[in-house]
Amino acid sequence: MSKIIVGRYIPGNSLVYKIDPRGKLLITILFIFVIFLANNPITYAIITVFCLAAVFATRLKVRVFWDGVKPLIGLIFFTSLLQLFFMTGGKTYWQWWIFTISSYGLVNAAYTFIRFTLIILISTVMTVTTMPLEIADAMEWLLKPLKIFKVPVDKIALVISIALRFVPTLFDETLKIMNAQRSRGADFNDGGLVKRAKAITPILVPLFIHSLETAIDLSTAMESRGYRGSSGRTKYRVLNWSKYDLISLFYFIALVLLLLIFRNH
Amino acid sequence: MSVKKILRTNLQQMIFLGIVVAMKIILGQFSIGPITVKVGLGFIGSVLLGYFFGPVWGTIGGGISDLVSSAIFGNQGGFFIGFTLTAMAGPLIYALFLYDKPVKIWRIIASTILVTLIVNIGMNTLWLHIMYNLDFKAALIQRLPKETIVPWIQMVVIYFVLQAVSRVKVKK
C-alpha cells in the first residue's frame with residue numbers, strides 16, 4: 001500500500017532530481033516526437049546515447065529501469081517479431097506462406113525494438129525522479145495555454161489535485177471493502193462470467209457511496225474555509241526554474257540538432 | 001438525476017469528479033478473469049464518468065485520469081498525448097449513450113461496441129502505429145483476438161454496475 005502512495009518515485013539527489021518537473025515533463029513528451037526524427041543507424045545511435053546518458057545521470061540502479069521495461073518485454077518482442085515477419089521490401093531472405101524475412105523487415109524490427117525501449121526508459125526516468133505532486137503541478141502549468149480556448153483550467157487543476165490526493169485513500173478503502181466482503185464469503189476470482197461481473201458490485205457500490213459522502217464533506221469543509229471558486233487565489237506550492245534547467249535545455253537542443261543533421265532527408 | 005440533487009453546488013460536482021477520476025485510476029489497476037483473458041476494470045471508471053458527468057466533464061475527467069495515473073504509476077509505454085485522447089474518447093462515447101438516460105441493454109451494447117471499434121481498435125492501434133512505427137496491419141492483428149472477446153465481458157459488467165449504481169441514486 002505504501003508503494004502506491006509514493007507511486008514509482010524513488011528518492012535521490014543526483015542531477016536529474018534537481019531539474020524542474022516542468023522541464024522534465026516537456027522533454028519526456030517531446031522525446032516521443034523527437035524519436036520520429038531518427039530514421040537511420042546513426043540517428044538511432046545518437047538518440048540511444050542521449051537516452052542512456054539521461055538514465056545514468058539519475059545514478060539509480062539498473063534494476064529500477066529493468067522493472068520499467070520488464071512488464072512490457074513480451075509486447076516489445078512480439079511487436080518486433082511482427083515487424084520482422086510482415087514487413088516486406090528490400091532483399092528477401094526467407095519466405096513461407098504470409099511470413100517473410102526481408103532486409104527491410106529486419107531493420108524495422110530493430111528500430112521498433114530500440115524505439116520501444118528508449119521511450120519506456122525516458123518515461124521511467126521522468127516518473128522515478130519526480131514526485132507525483134510535482135508532476136501534477138507541471139501538468140497544470142502545461143495546461144495553462146488552454147485558457148485561450150476558454151478551457152476551465154483552474155477547475156481542471158482542482159480536479160487533478162483532488163484525484164491525486166484521493167488515489168491512495170480510495171485504494172486503501174477498496175482493499176478494506178474487498179476484505180470486508182471476503183470475510184462474509186464474497187469470492188472475486190471464481191465462477192463464470194456473469195458471476196464475476198456480479199461480484200464487482202459489492203465492491204463498487206460501497207466505494208461509490210463513500211465517494212459521494214466524501215465529496216459532500218470535503219466541499220463543505222472547503223467552503224467553510226473560504227473557497228469561492230478557483231479564480232483570485234494565490235499559490236503556496238510554486239515551481240522555480242533553476243540553473244539546472246539550462247542543462248536539460250541544452251541536452252534537448254543538442255539532441256534535436258544532431259538528429260536533424262544526421263537524419264536521411 | 002438524484003446524484004445531481006445530492007450534489008447541490010458546483011464545487012461538490014467538481015470534487016465528486018475528482019474522486020470518480022481517482023476511482024477510475026484505481027479500478028484500472030485491478031483486473032478480473034483468468035490470465036488468458038485479463039479484463040482491466042478501468043472501463044468501469046469511463047462508464048461512470050460518462051454516466052454521471054456527461055460528454056463535457058466526463059471527457060475532461062477521462063483526460064485527467066490519464067494524466068494523474070501516469071503521474072502516479074507512470075505510463076506503460078511512455079507519455080504520449082494520443083493515449084490521453086483515447087482516455088477522453090471512451091467517457092465521451094459512454095456519455096452520448098448513457099448520460100441522463102434510462103439504463104437499457106441496447107445502449108450498453110451499442111456504446112461498448114463503439115468504444116471497442118473506435119477507441120481500442122482504431123485509436124490505440126493508430127497511436128502504436130505512430131509511436132513505434134509499427135505496420136498498421138501488424139499492430140491490428142496483435143490486438144484483434146483480445147478485442148473480440150473482452151467487449152462481451154465488459155457489457156455484462158457494465159450492465160450490473162449501472163443497475164447497482166442507479167439503485168444507489170434512488171436510495172439516497
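Asp67(A) forms a salt bridge with Lys70(A), and their closest N and O atoms are 3.5 Å apart. The model is predicted. Asp67(A) has a relative accessibility of 34%, so this residue counts as partly exposed. Lys70(A) counts as partly exposed too, because its relative accessibility is 36%. In general, side chains of opposite charge can pair when their charged atoms come close. Over all chains, the structure holds 5 salt bridges.

Another of these pairs joins Arg22(A) and Asp20(A). Their side chains meet at 2.9 Å, N to O. Both Arg22(A) and Asp20(A) are buried.

A further salt bridge links the side chains of Asp137(A) and Arg237(A), at 2.8 Å from N to O. Asp137(A) lies in helix α8 of chain A, and Arg237(A) lies in the loop between α10 and α11 (244-262). The two residues are 100 residues apart in sequence, so the pair ties together separate parts of chain A. Asp137(A) has a relative accessible area of 11%, and therefore counts as buried. Arg237(A) is partly exposed because its relative accessible area is 42%.

Thr130(A) sits in the loop between α7 and α8 of chain A. Its relative accessibility is 0%, so Thr130(A) counts as buried. The side chain of Thr130(A) makes a polar contact of 3.2 Å with the side chain of Lys24(A). A polar atom of the Thr130(A) side chain also lies 2.7 Å from the backbone oxygen of Met126(A). Beyond its neighbours within four places in sequence, Thr130(A) is in contact with Tyr9(A), Pro21(A), Lys24(A) and Ile135(A).

In an unreviewed entry, UniProt places the feature "transmembrane region" at residues 21-38, 69-87, 93-111 and 244-262 of chain A. In the model, residues 21-38 of chain A are 78% helix and 0% strand. The end C-alpha atoms of that span lie 26 Å apart. Residues 244-262 of chain A are 100% helix and 0% strand, with end C-alpha atoms 28 Å apart.

Residues 6-27 of chain B are 86% helix and 0% strand, and their end C-alpha atoms are 24 Å apart. Residues 39-58 of chain B are 85% helix and 10% strand. Here the end C-alpha atoms lie 22 Å apart.

The two chains meet at an interface. Chain A gives 70 residues to the contact, and chain B gives 61 residues. Together they bury about 5900 Å², 84% of it on carbon and sulfur atoms. Between chain A and chain B there are 0 salt bridges. Across the interface, 1 residue pair is in polar contact, with both residues at pLDDT 80 or more. On the side of chain A that touches chain B, at least two residues each come from α3 (21-34), α6 (73-86), α7 (103-129), α8 (132-143), α9 (153-182) and α10 (193-224). The largest share, 22 residues, comes from α10(A). By class, this side of chain A has 50 nonpolar, 13 polar and 7 charged residues.

Key
Residues numbered from 1 in each chain as written. Chains lettered and ligands numbered in written order. Heavy atoms only, no water. Contact = heavy atoms within 4.5 Å. Buried area = accessible area lost by both parts, 1.4 Å probe. Salt bridge = Lys/Arg side-chain N within 4 Å of Asp/Glu carboxyl O. Polar contact = N/O pair within 3.5 Å; in protein donor to acceptor, adjacent residues only side chain to side chain. Helix = DSSP H or I, 4+ residues; strand = E, 2+ residues; numbered from the N terminus. Nonpolar A, V, L, I, M, F, W, Y, C, P; charged D, E, K, R; others polar. UniProt positions renumbered as here; feature names shortened; annotations may be inferred. Buried < 20%, exposed > 50% of the residue type's maximum accessible area, 1.4 Å probe, protein only.
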